[in-house]
Amino acid sequence: MPKTRDHSGLRIGVLFGGDSPEHPGSVASAEAACKALTVQGLNAQLIDLTGLDLTGLKGRIDVALLASHGLGGEDGKIQGALDTLGIPYTGSGVKASAVGMHKPTFKTAVRGAVIDTPQWLEIHPTHSTATTVTSVTMSLGFPVFLKPASGGGSLEAGIARNETELAALLERNREQPYTEYLVEEFIPGTPATVGVLEIGGELTTLPIHTVETDREFYDYEAKHDLSLRHETCPAELPDLIATQMRSIALRVHRLVGAHGVSRVDFLVSPSSRTPVLEINTVPGLSELGNLATMARAADISYEELIVHVLDTAFTKPAYVP
């Protein structure tokens, strides 16, 4: 295993929180990551972004480890602020973060690269429920999957099997913090994810992780309750399919200009179709999360994983858009 950089003497700020609906997951990531750094003798401190004047970070920390999820945390906004302040930070820059977070933009890029992704329809926030239902019926048919255009954790997502169910989901979600949604063709299958991690300056893919659940889909509850899901890592997939998925994950990572670490999510359908769903440029860092699980399957301890992630703050090119 290539050696990591020497981070002794650095003041490491583990940034988390903010106003995103994904706040609880961010807290879990930050607390675990900060502990992993401090037990290795590194100077790490938790910094809650909620209501924080970011200019105060200048002179307080030397590097930021990002554990901020969702709106404001992984969409390029905190990345841009840190760039302006001249503080190095882990993971991707502004452009890749923004593209990865906004699913319609991401899917357009993936489709342009001739990579399979579910067909979709972007919902215009000013269109009525009736207009949207008609558009979905004509362009996609049913069943469909509704989710926020910018968001994660399966929050405010759901399956609609007919026009009535879609209308109900749309009306319910108009009162949520997300303003943009998209509708995808619903593809039955097993959720799978591939971790991409830079180790010693080289990008590598981690063993594929799959999950099964008795829930209607892999929802927020199943993602945060071990009793509601069954994980397999390394995934039990044919070698050819696994090799193709890992290759595609690297392509997607590079396509959006991601840096250092990401997690690319797929579905594995009964027909062996493996469409890409999305990329997470700030993947969860909790000890029980997918990235940590994949790292353990690659014989990378949790503490080693967090230091590899920290290393990515210092391997970016001089300018990253």
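**Inside the packing**

Guide: This is a predicted model. Its largest nonpolar core holds 32 residues. Leu-37, Leu-65, Tyr-302 and Leu-305 make the most contacts inside this core. Several elements supply at least two core residues each: strands β1 (11-16), β3 (63-66) and β8 (190-199), and helices α1 (23-38), α9 (290-297) and α10 (302-311). The largest share comes from α1, with seven residues.

Now take Leu-305. Set aside its neighbours within four places in sequence, and Leu-305 is in contact with Leu-197, Leu-291, Ala-292, Ala-295 and Ile-300. A second core is separate and has 25 residues. Ile-208, Leu-237, Leu-250 and Phe-266 are among them.

Next, the helix pair. Two packed helices are described by the angle between their axes and the distance between the axes. Helix α5 covers residues 129-139, and helix α6 covers residues 163-173. They pack at an angle of about 135°, and their axes are 10 Å apart. Angles over 145 degrees would count as roughly antiparallel, and 65 to 115 as roughly perpendicular. The two helices are therefore oblique to each other. The crossing of α5 past α6 is right-handed.

Which residues make the contact? From α5 come Thr-129, Thr-132, Val-133, Val-136 and Thr-137. From α6 come Glu-163, Leu-166, Ala-167, Leu-170 and Glu-171. By class, this contact of α5 with α6 has five nonpolar residues, three polar and two charged.

Note on methods
Residues are numbered from 1 along each chain as its sequence is written. This is a predicted model: local features need pLDDT of at least 70, side-chain atom pairs count only at pLDDT 80 or more; totals for chains, interfaces and linings use all residues. Side-chain values use heavy atoms; hydrogens and water are left out. A nonpolar core is a set of buried Ala, Val, Leu, Ile, Met, Phe, Trp, Tyr and Cys residues joined through side-chain atoms within 4.5 Å. Buried means under 20% relative accessible area, exposed over 50%, partly exposed in between (1.4 Å probe, protein chains only). Helices (H or I, at least four residues) and strands (E, at least two) are DSSP runs, numbered from the N terminus. Contact means heavy atoms within 4.5 Å. Axes are lines fitted to C-alpha atoms, for helices over the stretch in contact, and angles run from 0 to 180 degrees between N-to-C directions. Angles under 35 degrees count as roughly parallel, over 145 as roughly antiparallel, 65 to 115 as roughly perpendicular and the rest as oblique. A crossing is left-handed if the near helix is turned anticlockwise from the far one by less than a right angle, and right-handed if clockwise. Ala, Val, Leu, Ile, Met, Phe, Trp, Tyr, Cys and Pro count as nonpolar, Asp, Glu, Lys and Arg as charged, and the others, Gly among them, as polar.
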